[in-house]
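Welcome! Let's take a short tour of a protein and the molecule it holds, starting with the view below.

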Amino acid sequence: MTDTQNTNVNWEEYASVLYDHLCLLTPYQEYLNDVVHAAEIQNQSVVLDAGCGTGNLTQKLVNSSAVSVCGIDYSHAMLRRAKQKCASGDFKHANLQEKLPFPDDSYTTIVCGNVLYAVNHPELLLRELWRVIAPCGRLVLATPKKGYENGLILKAHCRDTGTDAPWLNTHTSPEREQELIYKTFDDQKLIEVFCEIAVHNRTISKSRATHLYEPQELEDFLHYCGFTDIKIGFTYAQQNLLATAVKGPLS
Ligand SMILES: C[S@@+](CC[C@H](N)C(=O)[O-])C[C@H]1O[C@@H](n2cnc3c(N)ncnc32)[C@H](O)[C@@H]1O
């Protein structure tokens, strides 16, 4: 089954109304800011937002000093929303599991936020990003860490400074996840929206192998795919790995 066949439908539905509610979560805003900060945009930067979704990172990058920013995604619904939101972004339909419609060495900077975990063949994605990034160009990649807990994102949103235990094991059952969503939001409409987001995320993660990495595994993988000067940190309430890397020689 190709990538487009198996989960694109879920992303399409997710995009139509739900996805941008993530913007209400302070850890998601922290993640957007951390990725853009790590990209070290300069006024010569030509940037690709790979798997741009509804354009939340693209929009922040457009507002930075970059010369140009292009967002690509294979979900038409995601791209439609991105275009509505960010008129000055350049958005294109492209599948990150195929050869991208750009010549070698096209971009000084690539950001790829929360996409790697969700593709069938992460190596294909990284090798294509390696091809289209310029020599010494900068990659910023965020992806959920192995053992990530959505409950800890909700805990951070609530600014709960207590122990983690009451927020753990979100993934054990839909009921447990709902319990934590009820604990997070007072507003009934938001509770419904986040319960629906949880259903979409479960469908997406069940429909494919999800690729999650320990920090060292992600570093080794980026190195294997030709990147150097790799640094791994955390963002999104510590539930995402945040990697920065530079294009090295072909490995
Ligand atoms: C969790 S969203 C992240 C969106 C955005 N980067 C953000 O941080 O808000 C994952 C995005 O990856 C896109 N995606 C997944 N697989 C893809 C593929 N093979 N080619 C292009 N886009 C893909 C989905 O359509 C979705 O928009």
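## A term to start with

A polar contact is a pair of N or O atoms within 3.5 Å. Keep that cut-off in mind as you look around this predicted model.

Let's begin with the backbone: a polar backbone atom of tyrosine 74 lies 3.3 Å from a nitrogen atom of the ligand.

An N or O atom in the side chain of tyrosine 31 is 2.5 Å from an oxygen atom of the ligand. For aspartate 73, an N or O atom of the side chain is 2.6 Å from a ligand oxygen. How much of the ligand does the protein bury? On its own, the ligand exposes 590 Å², and the protein buries 98% of that.

## The shell around the ligand

Altogether, 21 residues surround the ligand. Tyr19, Tyr28, Tyr31, Gly51 and Asp73 are the closest. Sorted by class, this shell holds 12 nonpolar, seven polar and two charged residues.

## A look at asparagine 56

Now find helix α4, which covers residues 56-62 and includes asparagine 56. Is asparagine 56 buried or exposed? Its relative accessibility is 6%, so asparagine 56 counts as buried.

Which side chain does the side chain of asparagine 56 meet in a polar contact? The partner is tyrosine 28, at 2.8 Å. Beyond its neighbours within four places in sequence, asparagine 56 is in contact with Tyr19, Asp20, Cys23, Tyr28, Leu32 and Lys85.

Conventions:
Residues are numbered from 1 along each chain as its sequence is written. This is a predicted model: local features need pLDDT of at least 70, side-chain atom pairs count only at pLDDT 80 or more; totals for chains, interfaces and linings use all residues. Side-chain values use heavy atoms; hydrogens and water are left out. Helices (H or I, at least four residues) and strands (E, at least two) are DSSP runs, numbered from the N terminus. Buried means under 20% relative accessible area, exposed over 50%, partly exposed in between (1.4 Å probe, protein chains only). A polar contact is a pair of N or O atoms within 3.5 Å; within protein, one must be able to donate a hydrogen and the other to accept it, and residues adjacent in sequence count only if both atoms are side-chain atoms. Contact means heavy atoms within 4.5 Å. A residue is near a molecule or strand if one of its heavy atoms lies within 4 Å of it. Accessible areas come from the Shrake-Rupley method with a 1.4 Å probe; for residues, only the protein chains shown count as cover. Ala, Val, Leu, Ile, Met, Phe, Trp, Tyr, Cys and Pro count as nonpolar, Asp, Glu, Lys and Arg as charged, and the others, Gly among them, as polar.
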